[in-house]
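Dear colleague,

Please have it open while you read.

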Amino acid sequence: MEEASRIGQRTADIEHLLLALVLSEQSAGQVLRSMGITLESARAAVNEQHSAQLASLGIDNGHPSQGRIVFHETGGYEWSDRALAVIKRASGGGRRGTAADVLGELMTEPSGMIDQILRRLNTAPDQVIALIDEAQHFTAFKPRHSIRPGQRSGSIEAFIPAAVEQVWALLYKPSRMPQWEPTINEIAGKNPLGRIQIGERWSARTRTQRPDGKQIRIKPEFQTQDVALVACTDATLIEWQFTFPDSARANIKRIRIELEPAAGGTQLHIHLRWECNSTHPMRPLIDLLLRPLVRLGIWMQLSQLSGGIGRVFR
């Protein structure tokens, strides 16, 4: 749906599903990237196929206008019937709906569009299927995210279509944090030109407006955050800590990101942890009752983090 939003569409079709799979951190994405398929080449092949289809109808409209991703700023998105059928088949018959399952179903989608797009990428569905089967044989399925029961923490894997050095420059520079951390609107203070040291702190303003323009209600004591660098290994690992100086009982948030070179980009392991700062005697019982909501909240925050980082390079 993010890819559809780049060309002003509100319906995500099978070609957008293919583009999403190129970016998957699971084996499906690794298979496509191992064949030399990048996000840029896949987008170009999709555009060429659309132009060819229009030309066959006598319409010379050139390539669709390419813009930035606006999915997170807009609404009204849905799946096309054939994309939805692919997703449903990938989740049926005892399959788990993994990215590999979806990719396999996409390879046999009857319209012929994916076959034509792949041929523009100098490959074919049977080659992709063979590599999927080989990858599935040697690698066990791993969930995209894991949330630890009873703890306010979780982790997620993400593939970013950019070199490690580019991703590191984004994550390491405090002034660029509003680009990827969804709760931060602005980092105040000087912008360091050289290396920053572990323990250094910055003051940040909490975001009070969503990307779509809707206001976010933030209590006064949570409108300012202290941001501190707590761990750093060049281009390999970084960890940031977020506290609320105006609230004595507010929880502490830590975001730890590990970077690893991967074919066509960078593989990220993102870990999020909330440290409870409350000593209320009923806290354990409250945590138990709220556990399902906490798990959902952690998963959503992790997805927003990985999505925010990825959009910078797409």
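Which side chains meet in a salt bridge at 3.0 Å, N to O? They are those of arginine 254 and glutamate 275, a salt bridge being a side-chain nitrogen of Lys or Arg within 4 Å of a carboxyl oxygen of Asp or Glu. The pair links distant parts of the chain, with arginine 254 in strand E9 and glutamate 275 in strand E10 (residues 265–275), 21 residues apart; strands (E, at least two residues) and helices (H or I, at least four) are DSSP runs, numbered from the N terminus.

Please bear in mind that this is a predicted model, in which local features need pLDDT of at least 70 and side-chain atom pairs count only at pLDDT 80 or more, while totals for chains, interfaces and linings use all residues. Residues are numbered from 1 along each chain as its sequence is written, and side-chain values use heavy atoms, with hydrogens and water left out.

Strand E9 also holds arginine 256, whose salt bridge with glutamate 239 brings the closest N and O atoms to 2.7 Å. Arginine 256 is partly exposed at 30% relative accessibility, whereas glutamate 239 is buried at 6% (buried is under 20% relative accessible area, exposed over 50%, partly exposed in between, with a 1.4 Å probe and protein chains only).

Glutamate 3 and arginine 314, both buried, form a further salt bridge at 2.9 Å between the closest N and O atoms. They belong to a network of salt bridges that also links Glu2, Arg6, Arg43 and Arg311.

In total, the count comes to 16 salt bridges.
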